[in-house]
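Work through the exercises below with the sequence and the model open. Each task is followed by a solution in steps.

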Amino acid sequence: MTPSSSRRDAPDADTEVRAWIEARSAPATEATVSLSPVELSVLASELSLPLVPMLHFDPIAIQEPERATELDATTRAELTARGILSQPVDGEVAESIRALLELLAAPLLLLRVEASYFGAEAEWQFACTRDGAIEISEMSDRSYRFSAMALGALQPRVLELTGLEDRNEIAVEPLLVTARTLLVLPKLIEDEDEALAQLVAEGAATESARALIAALLASRCAVAVTVLYRPDENRLVGGELTWIDGFDAGLWITPTPDTTDWDMTGPEPGPEVELRPVTAEWIRAELASYLP
């Protein structure tokens with residue numbers, strides 16, 4: 001759930017957004033390298049490894065053999081100049097880059113952080129083994145920045161990116177909200193009385209409904225953290241944690257309903273999800289439980 005765009009009413013919102021983006025744009029560590037999709041394709045081919053499956057690109061298919069050969073030669077020359085290949089033709093790949101691509105090809109754990117602040121959105125991905133982690137950021141030129149870090153630095157980095165801070169503890173009962181209502185809440189809260197009536201009609205306690213509406217109105221930040229873990233070759237487990245930061249109105253868990261089998265145009269209101277206030281300590285502990 002992301003804050004409604006109509007909540008962008010603070011006079012210094014643009015300044016805050018720029019500061020938020022700038023603070024999260026710096027690489028996680030000095031052990032950083034940037035590679036373009038074409039460079040990744042050439043290196044993966046050289047090492048006989050699959051292309052990184054988590055990245056949001058499908059390298060442009062070059063149909064003409066002459067053009068493919070020209071592109072490959074140019075890319076190899078650039079990689080050689082950067083010290084990533086020892087020579088343009090049949091060169092050795094630098095050991096650090098080999099280790100990077102091998103980790104990305106078969107990670108033990110994948111983690112994605114998505115955050116929205118005043119409507120500005122950012123995303124980071126992490127690939128991890130028991131020996132370390134790689135942070136992946138897509139840059140404005142469509143290259144990817146890879147930053148290596150110790151596995152123990154993963155959770156602090158995730159907390160840094162989400163901007164999680166201690167907030168007021170809100171003592172109200174959780175609310176059960178249908179998928180249909182959840183989808184329209186950002187628009188619905190523009191009329192607080194209508195939103196309150198809708199939530200109460202679905203069985204929410206009035207005090208809980210008022211507290212949720214206050215959090216939605218105050219919220220500038222929404223976060224989703226998704227973790228997929230492979231305990232062995234034949235199993236994949238994971239979870240997702242989503243919340244909004246209502247500042248003085250508290251932190252609220254806002255799960256995404258499973259709408260796989262629900263027709264949003266039909267008469268059924270859809271599956272229910274539980275929205276409830278939590279503490280930053282609870283979120284930190286929950287995130288820690290997702291990690292091996």
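**Exercise 1. Helix α8**

Task: Find which residues of α8 are buried, then check the span of the helix against its length.

Solution: 
- Step 1. Buried means under 20% relative accessible area, exposed over 50%, and partly exposed in between (1.4 Å probe, protein chains only). In α8, the buried residues are Ser-208, Ala-209, Ala-211, Leu-212, Ile-213, Ala-215 and Leu-216.
- Step 2. An α-helix has 3.6 residues a turn, so residues three or four places apart point the same way.
- Step 3. Helix α8 covers residues 206-218, which is 13 residues. The expected span is 1.5 Å times one less than the number of residues. That gives 18 Å, and the end C-alpha atoms are 18 Å apart, so the two agree.
- Step 4. Note the basis. This is a predicted model, numbered from 1 along each chain as its sequence is written; local features need pLDDT of at least 70, side-chain atom pairs count only at pLDDT 80 or more, and totals for chains, interfaces and linings use all residues. Side-chain values use heavy atoms, with hydrogens and water left out. Helices (H or I, at least four residues) and strands (E, at least two) are DSSP runs, numbered from the N terminus.

**Exercise 2. The largest pocket**

Task: Give the volume of the largest pocket, then describe its lining.

Solution: 
- Step 1. The search runs on a 1 Å grid over the protein atoms alone; a pocket is an open set of points with protein on both sides within 12 Å along at least five of seven lines, a cavity is a set where a 1.4 Å probe fits but cannot get out, and lining residues have an atom within 4 Å of a point. Points are joined across faces, edges and corners, and a volume is the space filled by probe spheres set on them.
- Step 2. The volume of the largest pocket is about 350 Å³. It has 18 lining residues, and Ala-122, Glu-123, Trp-124, Ser-137 and Glu-138 are the closest to its centre.
- Step 3. Two or more lining residues come from each of α1 (13-25), β3 (120-128), β4 (133-138) and β5 (144-149). β3 has the largest share, with five residues.
- Step 4. Sort by class: Ala, Val, Leu, Ile, Met, Phe, Trp, Tyr, Cys and Pro are nonpolar, Asp, Glu, Lys and Arg charged, and the others, Gly among them, polar. The pocket lining has eight nonpolar, five polar and five charged residues.

**Exercise 3. The largest cavity**

Task: Which residues line the largest cavity?

Solution: 
- Step 1. The whole structure has two cavities of 30 Å³ or more. The largest is about 50 Å³ in volume.
- Step 2. Its lining is Leu-111, Leu-154, Gln-155, Val-158, Val-227, Leu-287, Tyr-290 and Leu-291. α5 gives the most, three residues.
- Step 3. By class, seven are nonpolar, one is polar and none is charged.

**Exercise 4. Salt bridges**

Task: Which parts does the pair Arg-76 and Glu-46 tie together?

Solution: 
- Step 1. A salt bridge is a side-chain nitrogen of Lys or Arg within 4 Å of a carboxyl oxygen of Asp or Glu. The structure holds twelve.
- Step 2. Arg-76 and Glu-46 form one at 2.7 Å, N to O. Arg-76 is in helix α3 (residues 65-81) and Glu-46 in helix α2 (residues 37-46), so the pair ties together parts 30 residues apart in sequence.
- Step 3. Arg-76 is buried at 12%, while Glu-46 is partly exposed at 26%.
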